[in-house]
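Trainee: I am new to this structure and would like a close look at one part of it. Could you take me through the salt bridges and the places where they sit?

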Amino acid sequence: VGGCSGWAPLGGACLDGHFECARYLLESGATVDVKNEHGSTPLLRACYAGHLECARLLLQSGADVGAVNDMCATPLLGACYKGATAVARLLLDAHADPDQWTRDAETGTALWPLASACARGHPAIVEMLLAAGVGRETMRITLDHAEKRKHPECTRLVRRALEQTESGCTTALDDGPCPSPASTERADAAAPPASASASPLSAAD
């Protein structure tokens, strides 16, 4: 596949959204999680590029939904950063962790899906992630960055979710009265450190 230096054929096909080529390669025995020189799998690049059908094919073939490349990017992080709403939904349905965070290998800054979606102004994805469940500390840090980025709808969604979560409501996106508290709140222990930056995806190559 031309123009795909460092990629096995499957990676190149998914990078450019060539579904039939990708399917043929998988049926011919291609390794679904083959990595390029940056540690990126075909799924990560397909998600970053917004190629829904390729991403679905890879997941159906057993691709690792939480794969992390050498720059600490994940498929969900890439989809959130690029605003690929349908791809993000697909990943969450495949049990991608909405609260997974990593640390940029070059800058040391924390990277996580909610902050990336807010930083780029993708409210539909923000709403999706909040509904899927993120920790309070992640919401607090993300709210600060969302306000600085001046994306009012993203800010509104995160602030409402945080307020409802802190008041004991577990349906973070419900505009109506809160139901009685449930025991489904995510632990905050895995949240990014408070000093972390919400720097978006630095590399998905």
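Mentor: A salt bridge here is a side-chain nitrogen of Lys or Arg within 4 Å of a carboxyl oxygen of Asp or Glu. This is a predicted model, where local features need pLDDT of at least 70, side-chain atom pairs count only at pLDDT 80 or more, and totals for chains, interfaces and linings use all residues. Residues are numbered from 1 along each chain as its sequence is written, and side-chain values use heavy atoms, leaving out hydrogens and water.

By this rule there are 6 salt bridges. One of them joins Arg-23 to Glu-20, with the closest N and O atoms 2.5 Å apart. Both belong to helix H2 (residues 19-27), and because they are 3 residues apart, about one helical turn separates them. Helices are DSSP runs of H or I with at least four residues, numbered from the N terminus. Arg-23 is partly exposed at 33% relative accessible area, a class that lies between buried (under 20%) and exposed (over 50%), using a 1.4 Å probe and protein chains only.

Now for a network: salt bridges link Glu-137, Arg-140 and Glu-166. Glu-137 meets Arg-140 at 2.8 Å, N to O, and these two are 3 residues apart in helix H9 (residues 136-149), again about one helical turn. Glu-166 also pairs with Arg-140, the closest N and O atoms being 3.0 Å apart. Since Glu-166 lies in helix H10 (residues 152-166) and Arg-140 in helix H9, this pair ties together parts that are 26 residues apart in sequence.
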